[in-house]
Amino acid sequence: MILFISATNTDVGKTYACEKILKHYSNKGLKVGYFKPCETGVVNTPLDGTKMLDLVKKLNPDFDLDIKDVVPYQFELPAAPYVAKKDFDIDINFLKKQVTFLKSFCDVLVIEGAGGLMVPIKKDLFIIDLIKEFNAKAVLISPSKLGCINDTLLSIEALKNRNINFDWYINLYEDKDSFDEVSRPFLEDYFKELKFLEDLDSY
């Protein structure tokens with residue numbers, strides 16, 4: 001199984017979601033692995049990638065790989081990969097081979113995107129396009145803050161337009177006190193059932 005974790009925007013909690021999902025499947029007795037094709041804002045070492053690789057090595061000792069295997073493209077500028085890479089070429093065929101390589105060490109490979117679905121990697125290639133390139137199932141993470149209705153609906157529309165199979169979870173971390181009053185009434189009426197990251201182990 002290959003799961004691609006994306007979100008409605010940046011700073012929504014993709015890395016936290018990866019942590020929850022990795023532990024969830026590990027608790028089910030499955031060997032887990034992690035991949036982050038591009039990480040930007042890297043000064044010395046990729047913080048998100050390093051944190052998740054350390055976790056995976058504890059959960060699955062067979063996943064004894066180097067950070068460069070797990071985060072092959074590291075850029076210093078905290079921006080979309082298209083901008084952060086400058087004149088460097090991001091090789092999609094290499095990334096696809098890397099997915100196959102990493103998958104050989106695990107039952108469930110969790111891939112973390114950069115920013116939201118429409119973050120550009122190349123002029124005509126976006127994060128959302130990697131989901132199909134990797135033959136993955138998408139997991140969309142939505143925030144609980146004001147504006148989450150619009151961002152969630154737009155992201156789901158984009159996934160449906162590309163016929164991408166997906167699950168979605170709300171990361172209840174921002175505007176928690178007002179979420180029940182401000183956003184939850186519509187979301188529950190529209191979707192009937194809401195799933196929260198914090199409750200993942202109960203699903």
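This is a predicted model: local features need pLDDT of at least 70, side-chain atom pairs count only at pLDDT 80 or more; totals for chains, interfaces and linings use all residues.
Biologist: Which residues have the most contacts inside the largest nonpolar core?
Modeller: In general, nonpolar side chains in soluble globular proteins tend to be buried together. Here the largest nonpolar core holds 68 residues. Those with the most contacts inside it are Ile5, Ile131, Phe134, Ile141 and Leu159.

Biologist: Leaving aside neighbours within four places in sequence, what is Leu159 in contact with?
Modeller: Leu159 is listed with those having the most contacts inside the largest core. With its neighbours within four places set aside, its partners are Leu117, Ile128, Ile131, Ala138, Leu140, Ile164 and Phe166.

Biologist: Is Leu77 buried, exposed or partly exposed, and what is its relative accessible area?
Modeller: Leu77 sits in the loop between β4 (73-75) and α4 (81-84). Together with Tyr82 and Val83, Leu77 forms a nonpolar surface patch of about 250 Å² accessible area. Buried needs under 20% and exposed over 50%, so a value in between is partly exposed. Leu77 is partly exposed, at 37%.

Biologist: Is Leu200 buried or exposed?
Modeller: Leu200 lies in the segment after α9 (184-191). Not counting residues up to four places away in sequence, Leu200 touches Lys20, Ile21, His24 and Tyr169. The cut-off for buried is under 20%. At 3% relative accessibility, Leu200 is buried.

Biologist: What kind of aromatic pair do Trp168 and Phe191 form?
Modeller: Their ring centres are 4.8 Å apart, with 55 degrees between the planes. Under 30 degrees counts as stacked and over 60 as edge-to-face, so an angle in between is tilted. The pair of Trp168 and Phe191 is tilted.

Biologist: What is the relative accessible area of Thr152?
Modeller: Thr152 is in helix α7 (residues 148-161). Thr152 touches Thr8, Leu140, Ser142, Trp168 and Phe191, not counting residues up to four places away in sequence. Thr152 is buried, with a relative accessible area of 1%.

Biologist: Which residues are linked in a network of salt bridges?
Modeller: The structure holds 12 salt bridges. In one of them, Lys23 meets Glu19 with the closest N and O atoms 3.1 Å apart. Both lie in helix α1 (residues 14-27), 4 residues apart, about one turn of the helix. The network links Glu19, Lys23 and Lys51.

Biologist: Where do Asp89 and Lys122 lie?
Modeller: Their side chains meet in a salt bridge, 3.5 Å from N to O. The pair links distant parts of the chain, 33 residues apart. Asp89 is in the loop between α4 and α5, and Lys122 is in strand β6 (residues 120-122).

Technical notes. Residues are numbered from 1 along each chain as its sequence is written. Side-chain values use heavy atoms; hydrogens and water are left out. A nonpolar core is a set of buried Ala, Val, Leu, Ile, Met, Phe, Trp, Tyr and Cys residues joined through side-chain atoms within 4.5 Å. Buried means under 20% relative accessible area, exposed over 50%, partly exposed in between (1.4 Å probe, protein chains only). Contact means heavy atoms within 4.5 Å. Patches are made of residues with over 30% relative accessible area and no salt bridge: like charges are joined within 9 Å, nonpolar side chains (Val, Leu, Ile, Met, Phe, Trp, Tyr) within 5 Å. Accessible areas come from the Shrake-Rupley method with a 1.4 Å probe; for residues, only the protein chains shown count as cover. A salt bridge is a side-chain nitrogen of Lys or Arg within 4 Å of a carboxyl oxygen of Asp or Glu. Helices (H or I, at least four residues) and strands (E, at least two) are DSSP runs, numbered from the N terminus. Rings of Phe, Tyr and Trp (its six-membered ring) pair if their centres lie within 6.5 Å; planes under 30 degrees apart count as stacked, over 60 as edge-to-face and the rest as tilted.
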